[in-house]
Amino acid sequence: MDELWRKRLFGGGSLKEVSKWTGLVAAIWVQAFAGNSAAYANYSSKLKSVLSLTQVQLNYLALCKDLGENVGILAGLVCNKVPPWVILLVAALEGFLGFGSLWLVASGTIDPRPLWQMCIAIFVGGNSTTWFNTAVLVTCMRNFPKSRGTIVGFLKGFVGLSGAIFMQIFFSLLDKNAVHLLLFLAVGPTLLCLLCMGFIRPVKTSPAGASYAEVEEEQKQFRIIYIICIALAIYLFVAAFLDQFVTNQSVSLIVVIVMFLFLVAPSFVPMKALMRVLVSKEVRKNNASTDDPLRQPSEISGEKKSTVHDERAALEEADNKVNLRGPRVLEVEEEDAEVLLALGEGAVKRKKRRPRRGEDFKLKQALIKADYWLLFLTFFCGVGSAITAMDNLSQLGQAQGYTDVSIFVLLSCIWGFLGRLGGGFLSEHFIRSTATPRSFWIGAAQALMIVAHLLFAFALPLTLYPAASIVGLCQGIQIAVTVPTISEIFGLRHFGILYNFIILADPIGSLLFSTLLAGNLYDYEVFKEYGTASTDVSCTGAHCFCLTFLIMAAVCLVGVVVSIILTVRLKPVYVTLYGNPDQTNASYSSLPSGASYTSLPSVNASSSSLPPAQFLFPRVPSTSTLSDSDLH
């Protein structure tokens, strides 16, 4: 049987597979340099001094950065109307213009501009991220529809890891110069995007779904990428600590070169796919040349047809024995046979029904669903409180006596990457094994993040290291889990706009928690300590952020409760989509097999202008009928 699956893989190899994997690797490279907001803590102090900003004013700048990073409504609207390379081109131009403007001011090339102009510049630069995300997420999730959690883990993971990548470049190549970092953010991601955008394109997938051998082969390639990703994260973690003690420029250059080799390593996967295509062509060529020329063509053709038929039957039998556990399309129709017969004769008209969970929703249809708002609320509580910590990480470090907070930024980025990677893997594993809703992991991450907020609040010695790591980890898990949840409950067709609306929770949380709450409380503590809120002084001590993060811990607790409610509501849906196929009336294929249907006699259409029609109905066992409560 293994030989048969090997033949299927070789015989089915095509350039489409190569294109699909090449697009994923190109998307990983783009995402690895798309998370420009993660480097904010490294240049925020420079902007604060050049522009003479208070902490509240600096937090307004951070708010605009967060707004730009998450306001992607326009990108979501156009993603179904233009090819991905157009969206990527817009992203590249925005990044160049936005961070290029910040560099001009920070370097002294032009005079400091008013705060509102700087807010526009950082908004435009940050907005490039959402165009990057929309292009690669929509394209790759459609190319790998049965592995959405894994794909989101990779792509969103590298966005989180980009902060660590920028940090390594900041340490090793830019000599910790914030001005040079802004120039790199303007030029580097732009050039990389222009090089890669031609490879990121949609690839048509088979409507009949993948075979067991194909799914196994796909999972093998994913495991290779997982190993490379984890190795890269560990390497960056070790390299960050070495940078604290090693100042030799040659060593730093070697560190960066090895990092780039890790980034190039995933290209092994599409190269392997290309080799399979070349091998399959060679195998077919050799088989054709070994046919006996003395035999009659009809005899040879008959034997080949018989062999192909036998192999196909064996493969189908093998596939049927294995539960692929992918998302399934329901075959149950709610109408009676009489209603469908009347519809066929034109006697009645079908009333258009609203989509059910798991089908394709438009934004206006999703906005009237409680599940959509519950998902929005729990995402708001988790990511809003996390972004408060991330935006104020520099000031948190200063309050606890650290002069260089780069290591904390790096820790949050690396653990954020592992959270995205692990969140995608865990949710994908448990969703296939136990049909556990992904929202369960959102609540689990927020419960853990309460611990981090308490560590920030009480500011005990050395607790900033685990606190920054936990926040990065939990933020990564929530992002990796929320994205595929949107596509599974509300469909892939309008995923771009649905996703970009949900992530508006991030800048709203930044406005309420970071700018209005944390900024004002921080300035109040500075005023109590020094009698002034001057930009030349900083607050020191645990009291600077104590109340802020006690409130953030309470917000996360609310998020945990909301996620529990959402998980209970979604459990029947996930059982329907991912449960045991022997217990649910569903199939893995979007095109059910003919054996699933019962043929009814033709309808006499003598009284109608319509031609006679024949109807096919699913055979539905009475014990497997789904109730409306499982679908609504």
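## Enclosed space

The lining of the largest cavity comprises 15 nonpolar, 10 polar and six charged residues. In this predicted model, the volume of the largest cavity is about 460 Å³. The lining amounts to 31 residues, of which S37, E69, I387, R420 and Q475 are the closest to the cavity centre.

Seen by element, two or more lining residues of the largest cavity come from each of α3 (40-51), α4 (55-70), α7 (115-143), α8 (148-172), α16 (370-391), α18 (406-433) and α20. The model holds six cavities of 30 Å³ or more.

## Nonpolar core

The largest nonpolar core contains 163 residues, and within this core L24 and Y43 touch the most other members. Helix α20 (residues 464-490) supplies the largest share of the core, namely 14 residues. Helix α20 is also among the elements that give two or more residues to the lining of the largest cavity.

When residues up to four places away in sequence are set aside, L24 touches C140, F144, I151, L155, F222 and I225.

## The disulfide

The model has one disulfide. The bond joins C539 to C544, with an S to S distance of 1.9 Å. The torsion about the S-S bond of C539 and C544 is about -90°, and the disulfide is therefore left-handed.

Both partners can be assigned by their accessibility. A residue is buried under 20% relative accessible area. C539 has a relative accessible area of 0% and is therefore buried. C544 has a relative accessibility of 2%, so C544 also counts as buried.

C474 takes part in no disulfide. A disulfide requires cysteine sulfur atoms within 2.5 Å, whereas the nearest cysteine sulfur to C474, that of C556, is 8.2 Å away. With a relative accessible area of 0%, C474 is buried.

C556 is likewise in no disulfide. For C556 the nearest cysteine sulfur belongs to C381, at 7.5 Å. The relative accessibility of C556 is 0%, so C556 counts as buried.

Note on methods
Residues are numbered from 1 along each chain as its sequence is written. This is a predicted model: local features need pLDDT of at least 70, side-chain atom pairs count only at pLDDT 80 or more; totals for chains, interfaces and linings use all residues. Side-chain values use heavy atoms; hydrogens and water are left out. A nonpolar core is a set of buried Ala, Val, Leu, Ile, Met, Phe, Trp, Tyr and Cys residues joined through side-chain atoms within 4.5 Å. Buried means under 20% relative accessible area, exposed over 50%, partly exposed in between (1.4 Å probe, protein chains only). Helices (H or I, at least four residues) and strands (E, at least two) are DSSP runs, numbered from the N terminus. Contact means heavy atoms within 4.5 Å. On a 1 Å grid over the protein atoms alone, a cavity is a set of points where a 1.4 Å probe fits but cannot get out, and a pocket is an open set with protein on both sides within 12 Å along at least five of seven lines; lining residues have an atom within 4 Å of a point. Grid points are joined across faces, edges and corners, and a volume is the space filled by probe spheres set on the points. Ala, Val, Leu, Ile, Met, Phe, Trp, Tyr, Cys and Pro count as nonpolar, Asp, Glu, Lys and Arg as charged, and the others, Gly among them, as polar.
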